[in-house]
Amino acid sequence: MNAPRGGSAVVVGGGIGGLATALALQGIGWTVTVLEGSASLGEAGAGMSLSPNALACLDALGVGEGARALGVPFHGPFDLRTPAGRRLVTARPGTPSPLLGFHRADLHGLLGEALTRSSVRTGVKVTGVHRDGGGVVVSSTAGELRADAVIGADGAHSTVRGSCWPESLPPRFTGGTVWRGIAAVPLERGFMVMGPGAYALAMPVARGRVYWAHVRRCARPGLRHEDERGAVLDRIEGWPADLRALVEATPPEAVLHHDVFDLAPLPDLARRRVALVGDAAHLMCPDLAQGAGQALEDAVVLARSLDATGDVDAALARYDSERRPRSQWVAAQARANARQNLSGGRAGHAALVATTALVPSSLWPRFAEAGLARLWGWRPPVRPERTTGG
Ligand SMILES: Cc1cc2nc3c(=O)[nH]c(=O)nc-3n(C[C@H](O)[C@H](O)[C@H](O)COP(=O)(O)OP(=O)(O)OC[C@H]3O[C@@H](n4cnc5c(N)ncnc54)[C@H](O)[C@@H]3O)c2cc1C
(Lines give C-alpha, C1' and ligand atoms only; values in the text may rest on other atoms or scores of the structure.)
Protein backbone atom coordinates (compact mmCIF):
# COMPACT_ATOMS: atom_id res chain seq x y z
CA MET A 1 0.00 0.00 0.00
CA ASN A 2 1.49 3.33 -0.94
CA ALA A 3 1.43 6.50 1.14
CA PRO A 4 2.15 9.76 -0.63
CA ARG A 5 5.60 11.18 -0.05
CA GLY A 6 5.21 12.92 3.25
CA GLY A 7 2.62 10.67 4.87
CA SER A 8 1.10 11.02 8.32
CA ALA A 9 2.28 9.38 11.52
CA VAL A 10 1.14 9.20 15.11
CA VAL A 11 4.04 8.82 17.51
CA VAL A 12 2.91 7.41 20.84
CA GLY A 13 5.11 8.74 23.66
CA GLY A 14 7.02 11.99 24.01
CA GLY A 15 10.25 10.72 25.61
CA ILE A 16 13.63 11.04 23.92
CA GLY A 17 12.75 8.23 21.48
CA GLY A 18 9.36 9.72 20.56
CA LEU A 19 10.62 13.27 20.10
CA ALA A 20 13.62 12.11 18.06
CA THR A 21 11.34 10.03 15.84
CA ALA A 22 8.95 12.94 15.35
CA LEU A 23 11.89 15.16 14.44
CA ALA A 24 13.26 12.61 11.98
CA LEU A 25 9.84 12.19 10.32
CA GLN A 26 9.27 15.92 10.24
CA GLY A 27 12.61 16.14 8.42
CA ILE A 28 11.34 13.95 5.56
CA GLY A 29 8.15 15.94 5.20
CA TRP A 30 5.76 13.78 7.18
CA THR A 31 2.94 15.21 9.25
CA VAL A 32 3.46 14.00 12.79
CA THR A 33 1.29 14.02 15.89
CA VAL A 34 2.96 13.04 19.15
CA LEU A 35 0.61 11.78 21.86
CA GLU A 36 2.08 11.92 25.36
CA GLY A 37 0.21 10.50 28.32
CA SER A 38 1.77 12.77 30.96
CA ALA A 39 0.31 16.20 31.56
CA SER A 40 3.49 17.87 30.31
CA LEU A 41 6.57 16.96 28.32
CA GLY A 42 9.68 16.43 30.38
CA GLU A 43 12.30 14.10 31.79
CA ALA A 44 12.92 13.22 35.42
CA GLY A 45 15.87 14.75 37.25
CA ALA A 46 18.76 12.60 36.15
CA GLY A 47 21.48 12.53 33.54
CA MET A 48 22.89 10.33 30.82
CA SER A 49 25.88 10.05 28.56
CA LEU A 50 25.77 9.85 24.80
CA SER A 51 28.44 8.09 22.76
CA PRO A 52 29.63 8.93 19.21
CA ASN A 53 26.97 6.79 17.50
CA ALA A 54 24.22 8.68 19.35
CA LEU A 55 25.80 12.07 18.73
CA ALA A 56 25.98 11.26 15.00
CA CYS A 57 22.21 10.69 15.08
CA LEU A 58 21.71 14.10 16.69
CA ASP A 59 23.78 15.53 13.83
CA ALA A 60 21.50 13.76 11.34
CA LEU A 61 18.50 15.25 13.15
CA GLY A 62 19.99 18.74 12.84
CA VAL A 63 20.54 19.29 16.57
CA GLY A 64 24.10 18.01 16.93
CA GLU A 65 25.62 21.44 17.33
CA GLY A 66 23.13 22.39 20.03
CA ALA A 67 23.77 19.09 21.80
CA ARG A 68 27.53 19.56 21.76
CA ALA A 69 27.05 23.03 23.23
CA LEU A 70 25.00 21.50 26.06
CA GLY A 71 27.01 18.33 26.67
CA VAL A 72 29.97 18.08 29.04
CA PRO A 73 32.82 15.62 28.29
CA PHE A 74 32.45 12.56 30.51
CA HIS A 75 35.66 10.80 31.47
CA GLY A 76 34.13 8.23 33.82
CA PRO A 77 35.02 5.07 31.86
CA PHE A 78 38.61 6.33 31.71
CA ASP A 79 38.78 7.27 35.38
CA LEU A 80 38.11 4.18 37.45
CA ARG A 81 38.53 3.76 41.19
CA THR A 82 37.83 1.12 43.79
CA PRO A 83 35.50 1.90 46.71
CA ALA A 84 38.59 2.34 48.92
CA GLY A 85 39.77 5.05 46.54
CA ARG A 86 42.53 3.13 44.74
CA ARG A 87 42.88 4.56 41.25
CA LEU A 88 42.74 1.79 38.66
CA VAL A 89 42.76 4.07 35.63
CA THR A 90 43.34 7.82 35.60
CA ALA A 91 42.60 9.84 32.49
CA ARG A 92 45.40 12.27 31.77
CA PRO A 93 44.38 15.95 31.92
CA GLY A 94 43.55 17.19 28.45
CA THR A 95 42.59 13.72 27.15
CA PRO A 96 39.47 14.24 25.04
CA SER A 97 36.46 12.06 25.84
CA PRO A 98 34.23 10.60 23.11
CA LEU A 99 31.31 10.71 25.59
CA LEU A 100 29.19 13.72 26.48
CA GLY A 101 27.13 14.00 29.67
CA PHE A 102 23.69 15.62 29.66
CA HIS A 103 20.95 16.52 32.06
CA ARG A 104 18.02 14.60 30.58
CA ALA A 105 15.79 17.64 30.64
CA ASP A 106 18.32 19.58 28.52
CA LEU A 107 18.42 16.90 25.85
CA HIS A 108 14.68 16.47 25.89
CA GLY A 109 14.19 20.25 25.63
CA LEU A 110 16.57 20.45 22.67
CA LEU A 111 14.59 17.82 20.73
CA GLY A 112 11.24 19.35 21.71
CA GLU A 113 12.22 22.85 20.58
CA ALA A 114 13.27 21.52 17.16
CA LEU A 115 9.76 20.14 16.53
CA THR A 116 8.54 23.12 14.58
CA ARG A 117 6.09 21.35 12.29
CA SER A 118 4.77 18.55 14.48
CA SER A 119 1.95 18.75 16.92
CA VAL A 120 2.56 17.46 20.42
CA ARG A 121 -0.50 16.69 22.50
CA THR A 122 0.11 16.07 26.19
CA GLY A 123 -2.28 14.46 28.66
CA VAL A 124 -3.47 12.03 25.95
CA LYS A 125 -3.10 8.40 26.92
CA VAL A 126 -3.18 5.86 24.11
CA THR A 127 -5.28 2.81 24.93
CA GLY A 128 -4.88 0.67 21.80
CA VAL A 129 -4.06 0.44 18.10
CA HIS A 130 -5.99 -1.30 15.33
CA ARG A 131 -5.82 -1.45 11.55
CA ASP A 132 -8.64 -0.99 9.11
CA GLY A 133 -8.75 -0.92 5.32
CA GLY A 134 -7.42 2.62 5.05
CA GLY A 135 -4.56 2.58 7.51
CA VAL A 136 -4.04 2.39 11.21
CA VAL A 137 -6.11 3.87 14.02
CA VAL A 138 -4.95 4.90 17.47
CA SER A 139 -7.51 4.92 20.29
CA SER A 140 -6.82 7.31 23.13
CA THR A 141 -8.40 9.20 25.98
CA ALA A 142 -8.92 12.02 23.45
CA GLY A 143 -10.65 9.84 20.86
CA GLU A 144 -9.42 8.12 17.68
CA LEU A 145 -6.73 9.26 15.28
CA ARG A 146 -5.98 7.72 11.88
CA ALA A 147 -2.57 7.78 10.20
CA ASP A 148 -0.45 6.08 7.55
CA ALA A 149 1.85 4.73 10.28
CA VAL A 150 1.92 4.51 14.05
CA ILE A 151 5.19 4.52 15.95
CA GLY A 152 5.19 3.10 19.47
CA ALA A 153 7.70 5.14 21.47
CA ASP A 154 5.85 4.56 24.70
CA GLY A 155 8.62 3.03 26.75
CA ALA A 156 9.14 -0.08 28.83
CA HIS A 157 5.48 -0.90 29.37
CA SER A 158 4.40 0.05 25.87
CA THR A 159 0.67 -0.02 25.13
CA VAL A 160 1.43 -0.17 21.41
CA ARG A 161 3.56 -3.28 21.96
CA GLY A 162 0.83 -4.85 24.08
CA SER A 163 -1.77 -4.06 21.45
CA CYS A 164 0.12 -5.19 18.30
CA TRP A 165 2.53 -7.75 19.83
CA PRO A 166 0.01 -9.43 22.15
CA GLU A 167 2.25 -12.46 22.62
CA SER A 168 5.21 -10.40 23.91
CA LEU A 169 6.31 -10.95 27.49
CA PRO A 170 6.44 -8.12 30.04
CA PRO A 171 9.89 -6.68 30.87
CA ARG A 172 12.04 -8.99 33.00
CA PHE A 173 13.82 -8.00 36.21
CA THR A 174 17.59 -8.14 35.69
CA GLY A 175 18.73 -8.29 39.32
CA GLY A 176 19.85 -4.66 39.58
CA THR A 177 18.53 -1.57 41.31
CA VAL A 178 19.64 2.01 40.75
CA TRP A 179 19.55 5.29 42.65
CA ARG A 180 20.14 8.54 40.76
CA GLY A 181 20.28 12.24 41.51
CA ILE A 182 21.53 15.65 40.41
CA ALA A 183 23.65 17.73 42.77
CA ALA A 184 24.75 21.33 42.42
CA VAL A 185 28.31 20.72 43.56
CA PRO A 186 31.45 21.60 41.58
CA LEU A 187 33.18 18.57 40.06
CA GLU A 188 35.89 19.02 37.48
CA ARG A 189 35.94 15.53 36.01
CA GLY A 190 33.63 12.57 36.00
CA PHE A 191 34.65 9.19 37.44
CA MET A 192 33.41 5.70 38.15
CA VAL A 193 33.82 3.53 41.23
CA MET A 194 33.74 -0.23 40.71
CA GLY A 195 32.85 -2.26 43.82
CA PRO A 196 31.87 -5.87 44.41
CA GLY A 197 28.35 -6.31 43.07
CA ALA A 198 27.89 -2.54 42.80
CA TYR A 199 29.24 0.55 41.08
CA ALA A 200 28.76 4.29 41.01
CA LEU A 201 29.37 7.10 38.59
CA ALA A 202 29.61 10.88 38.76
CA MET A 203 29.09 12.90 35.58
CA PRO A 204 29.27 16.70 35.28
CA VAL A 205 26.40 18.11 33.20
CA ALA A 206 25.60 21.65 32.08
CA ARG A 207 25.27 24.63 34.41
CA GLY A 208 27.46 23.41 37.22
CA ARG A 209 25.38 20.36 38.06
CA VAL A 210 26.56 16.78 38.53
CA TYR A 211 24.59 13.62 37.80
CA TRP A 212 25.39 10.64 40.01
CA ALA A 213 24.12 7.07 39.96
CA HIS A 214 24.63 4.08 42.20
CA VAL A 215 23.78 0.64 40.80
CA ARG A 216 23.67 -2.53 42.95
CA ARG A 217 22.71 -6.12 42.73
CA CYS A 218 19.45 -6.87 44.53
CA ALA A 219 17.47 -10.04 45.05
CA ARG A 220 14.01 -8.82 44.10
CA PRO A 221 12.37 -5.71 42.70
CA GLY A 222 10.12 -3.35 44.65
CA LEU A 223 12.16 -2.72 47.79
CA ARG A 224 11.78 0.99 48.67
CA HIS A 225 12.99 3.16 51.56
CA GLU A 226 11.42 6.07 53.34
CA ASP A 227 14.76 7.87 53.04
CA GLU A 228 16.27 6.86 49.68
CA ARG A 229 19.22 9.22 50.05
CA GLY A 230 20.05 7.67 53.42
CA ALA A 231 19.76 4.21 51.84
CA VAL A 232 22.40 5.15 49.24
CA LEU A 233 24.71 6.69 51.84
CA ASP A 234 24.48 3.52 53.96
CA ARG A 235 25.44 1.43 50.94
CA ILE A 236 28.42 3.58 49.97
CA GLU A 237 29.83 3.86 53.48
CA GLY A 238 33.61 4.18 53.09
CA TRP A 239 33.41 4.92 49.32
CA PRO A 240 35.23 8.04 48.00
CA ALA A 241 34.36 11.25 49.81
CA ASP A 242 33.66 13.21 46.61
CA LEU A 243 31.00 10.64 45.63
CA ARG A 244 29.41 10.78 49.08
CA ALA A 245 29.44 14.58 48.95
CA LEU A 246 27.36 14.49 45.76
CA VAL A 247 24.74 12.25 47.33
CA GLU A 248 24.68 14.36 50.49
CA ALA A 249 24.18 17.52 48.41
CA THR A 250 21.12 16.10 46.62
CA PRO A 251 17.75 17.07 48.11
CA PRO A 252 16.39 13.84 49.66
CA GLU A 253 13.08 14.07 47.79
CA ALA A 254 14.95 14.36 44.48
CA VAL A 255 16.73 11.00 44.79
CA LEU A 256 15.25 8.58 42.24
CA HIS A 257 15.18 4.83 42.86
CA HIS A 258 14.24 2.29 40.16
CA ASP A 259 14.76 -1.40 39.59
CA VAL A 260 16.34 -2.48 36.33
CA PHE A 261 14.36 -4.42 33.71
CA ASP A 262 15.02 -5.40 30.15
CA LEU A 263 12.99 -6.92 27.34
CA ALA A 264 13.37 -10.38 25.83
CA PRO A 265 14.16 -9.93 22.11
CA LEU A 266 11.05 -9.38 19.99
CA PRO A 267 10.70 -11.39 16.74
CA ASP A 268 10.14 -8.16 14.78
CA LEU A 269 10.04 -4.41 15.42
CA ALA A 270 7.37 -3.64 12.82
CA ARG A 271 4.00 -5.13 11.91
CA ARG A 272 1.53 -3.81 9.32
CA ARG A 273 1.98 -0.03 9.53
CA VAL A 274 3.12 -0.10 13.17
CA ALA A 275 6.73 0.10 14.36
CA LEU A 276 8.33 0.21 17.78
CA VAL A 277 11.29 2.42 18.73
CA GLY A 278 13.37 2.96 21.87
CA ASP A 279 12.56 1.18 25.10
CA ALA A 280 9.24 -0.04 23.68
CA ALA A 281 11.28 -2.03 21.13
CA HIS A 282 14.36 -3.04 23.12
CA LEU A 283 14.38 -1.97 26.74
CA MET A 284 17.92 -2.71 27.93
CA CYS A 285 20.11 -2.61 31.05
CA PRO A 286 21.74 0.80 31.56
CA ASP A 287 25.19 -0.79 31.88
CA LEU A 288 26.33 0.18 28.39
CA ALA A 289 24.66 3.61 28.50
CA GLN A 290 22.99 2.91 25.16
CA GLY A 291 19.20 2.94 25.61
CA ALA A 292 18.70 6.49 24.41
CA GLY A 293 21.46 6.08 21.83
CA GLN A 294 19.62 3.12 20.34
CA ALA A 295 16.36 5.09 20.35
CA LEU A 296 18.14 7.82 18.36
CA GLU A 297 19.49 5.24 15.89
CA ASP A 298 15.94 3.87 15.52
CA ALA A 299 14.60 7.33 14.76
CA VAL A 300 17.04 8.13 11.96
CA VAL A 301 16.87 4.68 10.35
CA LEU A 302 13.07 4.68 10.45
CA ALA A 303 12.89 8.06 8.71
CA ARG A 304 15.50 7.06 6.11
CA SER A 305 13.54 3.88 5.37
CA LEU A 306 10.25 5.76 4.98
CA ASP A 307 11.95 8.36 2.84
CA ALA A 308 13.25 5.70 0.48
CA THR A 309 9.89 4.30 -0.61
CA GLY A 310 6.23 5.21 -0.70
CA ASP A 311 5.34 1.71 0.46
CA VAL A 312 4.94 2.04 4.23
CA ASP A 313 5.03 -1.67 4.99
CA ALA A 314 8.12 -2.18 2.82
CA ALA A 315 9.80 0.72 4.62
CA LEU A 316 8.90 -0.68 8.04
CA ALA A 317 10.19 -4.12 7.01
CA ARG A 318 13.46 -2.50 6.02
CA TYR A 319 13.55 -0.65 9.33
CA ASP A 320 13.04 -3.97 11.14
CA SER A 321 15.78 -5.73 9.21
CA GLU A 322 18.27 -2.91 9.83
CA ARG A 323 17.48 -2.17 13.44
CA ARG A 324 16.51 -5.46 15.05
CA PRO A 325 19.87 -7.27 14.79
CA ARG A 326 21.88 -4.31 16.01
CA SER A 327 19.58 -3.12 18.81
CA GLN A 328 19.17 -6.67 20.12
CA TRP A 329 22.93 -7.22 19.96
CA VAL A 330 23.44 -4.01 21.97
CA ALA A 331 20.81 -5.11 24.51
CA ALA A 332 22.55 -8.49 24.88
CA GLN A 333 25.88 -6.74 25.44
CA ALA A 334 24.28 -4.48 28.04
CA ARG A 335 22.84 -7.50 29.83
CA ALA A 336 26.24 -9.22 29.81
CA ASN A 337 27.86 -6.05 31.15
CA ALA A 338 25.29 -5.84 33.93
CA ARG A 339 25.98 -9.45 34.85
CA GLN A 340 29.71 -8.79 34.94
CA ASN A 341 29.36 -5.53 36.89
CA LEU A 342 26.85 -6.76 39.44
CA SER A 343 27.20 -10.48 39.90
CA GLY A 344 30.85 -10.55 40.96
CA GLY A 345 31.40 -11.13 44.65
CA ARG A 346 34.71 -10.24 46.27
CA ALA A 347 36.65 -12.74 44.13
CA GLY A 348 35.08 -11.44 40.91
CA HIS A 349 35.81 -7.89 41.97
CA ALA A 350 39.44 -8.74 42.77
CA ALA A 351 39.77 -10.31 39.30
CA LEU A 352 38.26 -7.18 37.68
CA VAL A 353 40.66 -4.94 39.62
CA ALA A 354 43.63 -7.12 38.66
CA THR A 355 42.80 -7.23 34.95
CA THR A 356 42.01 -3.51 34.77
CA ALA A 357 45.30 -2.71 36.47
CA LEU A 358 47.13 -4.65 33.75
CA VAL A 359 46.34 -1.92 31.20
CA PRO A 360 48.42 1.24 31.69
CA SER A 361 46.28 4.37 32.15
CA SER A 362 47.83 5.98 29.10
CA LEU A 363 46.58 3.12 26.89
CA TRP A 364 43.17 2.70 28.54
CA PRO A 365 41.17 5.17 26.37
CA ARG A 366 42.45 3.51 23.18
CA PHE A 367 41.92 0.06 24.67
CA ALA A 368 38.35 0.89 25.72
CA GLU A 369 37.50 2.53 22.40
CA ALA A 370 38.85 -0.44 20.44
CA GLY A 371 36.61 -2.75 22.49
CA LEU A 372 33.63 -0.48 21.83
CA ALA A 373 34.32 0.17 18.14
CA ARG A 374 31.32 -1.82 16.88
CA LEU A 375 29.06 -0.01 19.32
CA TRP A 376 30.37 3.52 19.03
CA GLY A 377 31.44 3.33 15.37
CA TRP A 378 27.91 3.03 13.95
CA ARG A 379 26.82 5.96 11.76
CA PRO A 380 23.43 6.85 10.27
CA PRO A 381 22.78 5.60 6.74
CA VAL A 382 23.23 8.15 3.99
CA ARG A 383 20.00 9.42 2.50
CA PRO A 384 18.98 6.76 -0.04
CA GLU A 385 17.61 7.18 -3.52
CA ARG A 386 13.82 6.94 -3.35
CA THR A 387 12.20 4.02 -5.14
CA THR A 388 8.54 3.83 -6.02
CA GLY A 389 6.79 1.28 -3.87
CA GLY A 390 4.00 -1.20 -4.33
C1 LIG B 1 19.49 4.17 35.31
C2 LIG B 1 19.46 4.41 33.84
C3 LIG B 1 20.52 5.06 33.24
C4 LIG B 1 20.54 5.23 31.85
N5 LIG B 1 21.60 5.86 31.28
C6 LIG B 1 21.65 6.00 29.94
C7 LIG B 1 22.76 6.65 29.31
O8 LIG B 1 23.70 7.09 29.99
N9 LIG B 1 22.78 6.74 27.95
C10 LIG B 1 21.74 6.26 27.18
O11 LIG B 1 21.79 6.37 25.96
N12 LIG B 1 20.66 5.67 27.76
C13 LIG B 1 20.59 5.54 29.11
N14 LIG B 1 19.50 4.96 29.69
C15 LIG B 1 18.39 4.51 28.84
C16 LIG B 1 17.46 5.65 28.43
O17 LIG B 1 17.07 6.37 29.57
C18 LIG B 1 16.22 5.10 27.75
O19 LIG B 1 16.57 4.08 26.86
C20 LIG B 1 15.50 6.19 26.97
O21 LIG B 1 15.22 7.27 27.81
C22 LIG B 1 14.22 5.60 26.39
O23 LIG B 1 13.48 6.60 25.78
P24 LIG B 1 12.04 6.24 25.19
O25 LIG B 1 11.57 7.52 24.59
O26 LIG B 1 12.12 5.05 24.34
O27 LIG B 1 11.15 5.83 26.44
P28 LIG B 1 10.63 6.73 27.70
O29 LIG B 1 11.66 7.71 28.10
O30 LIG B 1 10.17 5.74 28.69
O31 LIG B 1 9.42 7.53 27.09
C32 LIG B 1 8.16 6.94 26.89
C33 LIG B 1 7.11 8.03 26.92
O34 LIG B 1 5.86 7.46 26.55
C35 LIG B 1 4.86 7.95 27.41
N36 LIG B 1 3.79 6.95 27.42
C37 LIG B 1 3.82 5.71 27.97
N38 LIG B 1 2.66 5.06 27.75
C39 LIG B 1 1.89 5.91 27.05
C40 LIG B 1 0.56 5.82 26.50
N41 LIG B 1 -0.19 4.71 26.66
N42 LIG B 1 0.06 6.90 25.84
C43 LIG B 1 0.80 8.03 25.65
N44 LIG B 1 2.05 8.16 26.15
C45 LIG B 1 2.59 7.11 26.83
C46 LIG B 1 5.55 8.12 28.76
O47 LIG B 1 4.86 9.04 29.59
C48 LIG B 1 6.91 8.63 28.32
O49 LIG B 1 6.96 10.04 28.21
C50 LIG B 1 19.46 4.78 31.07
C51 LIG B 1 18.37 4.14 31.68
C52 LIG B 1 18.36 3.97 33.05
C53 LIG B 1 17.19 3.27 33.68
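The helix pair and the ligand shell

Modeller: In helix 6, Arg229, Val232 and Leu233 meet Arg244, Val247 and Glu248 of helix 7 (contact means heavy atoms within 4.5 Å; helices, H or I of at least four residues, and strands, E of at least two, are DSSP runs numbered from the N terminus). This is a predicted model, in which local features need pLDDT of at least 70 and side-chain atom pairs count only at pLDDT 80 or more, whereas totals for chains, interfaces and linings use all residues. Residues are numbered from 1 along each chain as its sequence is written, and side-chain values use heavy atoms, leaving out hydrogens and water.

By class, the contact of helix 6 with helix 7 has three nonpolar, no polar and three charged residues (nonpolar: Ala, Val, Leu, Ile, Met, Phe, Trp, Tyr, Cys and Pro; charged: Asp, Glu, Lys and Arg; polar: the others, Gly among them). The axes of helix 6 (residues 228–235) and helix 7 (residues 241–248) come within 10 Å and cross at roughly 170° (axes are lines fitted to C-alpha atoms over the stretch in contact, with angles from 0 to 180 degrees between N-to-C directions). Helix 6 is therefore roughly antiparallel to helix 7, a term for angles over 145 degrees.

Among the polar contacts (N or O pairs within 3.5 Å), a ligand oxygen atom is 3.1 Å from a polar backbone atom of glycine 293. A polar side-chain atom of threonine 159 lies 3.2 Å from a ligand nitrogen atom.

Definitions and conventions:
Parallel < 35°, antiparallel > 145°, perpendicular 65-115°, else oblique. Polar contact = N/O pair within 3.5 Å; in protein donor to acceptor, adjacent residues only side chain to side chain.
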